[in-house]
Amino acid sequence: KNEAIVGSDAGYDPLPPEPRFRCLFEGADGATVASDLDGGKTIVFTGNAQIDTAEALEGNSSLRLDGTGDYVSMADHADFNLKLRFSLRARFQLASLAGGTYKGIIAKWTNAGNQRSYELAIRNDGSVNFFYSLAGTDTVQLASATSLVVADTPYEVQVDRDTTGKIRVYLADLTDVTPHADMVASSAGITSLFFDSTSPVFIGD
C-alpha cells in the first residue's frame, strides 16, 4: 500500500473534507518509520511491515506487508472519528488474494470490547468491502461484485459519504491508460454517525 488518506469535517459545507491523516510511505528501503503529512500522528510499524523501494505506486517507495500479521497503526484520535461527511482513500497492490478471508486496507475496528467503527478491506473473492458500526455491537457491510480486484495490479479505492448520508465505494485500476473510478457499491442515506470507538487505526492485515 502506497498512500492512505482520511478526511472528515462537520459535514454540512460543499468543500471537500479537510485531510486529517495522509501518509505516502516515502523513505529508505527497509525503514520502519513514516510520517503523517497532515496531522502529525505517530505511526507504529508491527511485524515485518517496512518501507520498500522496489515498488511504488507514487513517489519512490511504498509500504510493504507480507500478509502474515504485518500492519501499521495509529492510536485512537478524534480525527479518526468520521463525521457525517467523510472520505477514505488508499492505493494498494496485492501479491495474492489467498491467505485469509480479508486483506485489510484501513480500519478503526477491534472486536474485543465491541470497539467497532469502520473497516475497508478486500475479500479473497476479489470484492471490495466496507464495514461500519453504529453502536459498536452491530456490523453493516457494503460489498461490491466479486473478481474486481486481482493480484499484481495496482488500484485506488475510495469510500465517501455525502451530506445526504449516502455512502459510495469507488475503485480505479491504475493500469488503465486513463484511470477512472467506478462506483462499485453504495448505500441509502445513513445520517447516523459511526460508533466512536476507542480502537486504534490499522493499515494492513
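Mentor: Let us start with a definition: a charge sits over a ring if NZ of Lys or CZ of Arg is within 6 Å of the ring centre and within 35 degrees of the ring normal. Please note that the model is a predicted one.

Trainee: What makes K41 a residue that lies over the face of F80?

Mentor: K41 is placed at 5.4 Å from the ring centre of F80, and the cut-off is within 6 Å. The charged end of R161 likewise sits over the ring of F194, 4.7 Å from its centre.

Trainee: Why is the pair of F86 and F130 called tilted?

Mentor: The ring centres of F86 and F130 are 6.4 Å apart, and rings pair if their centres lie within 6.5 Å. The planes stand at 35°; planes under 30 degrees apart would count as stacked and those over 60 as edge-to-face, so the pair is tilted.

Trainee: Which parts does this pair tie together?

Mentor: F86 belongs to strand β7 and F130 to strand β10 (residues 128-132), so the pair joins parts that are 44 residues apart in sequence.

Trainee: How do you know that F86 is buried?

Mentor: Its relative accessible area is 1%, and buried means under 20%. F130, with 0%, is buried as well.

Trainee: Why is T163 called partly exposed?

Mentor: T163 has a relative accessible area of 40%. Buried means under 20% and exposed over 50%, so T163 falls in between and is partly exposed. T163 is found in the loop between β12 (154-161) and β13 (167-173).

Key:
Residues numbered from 1 in each chain as written. Predicted model: local features only at pLDDT ≥ 70, side-chain atom pairs only at ≥ 80, totals over all residues. Heavy atoms only, no water. Helix = DSSP H or I, 4+ residues; strand = E, 2+ residues; numbered from the N terminus. Buried < 20%, exposed > 50% of the residue type's maximum accessible area, 1.4 Å probe, protein only. Phe/Tyr/Trp six-rings, centres within 6.5 Å; stacked < 30°, edge-to-face > 60°.
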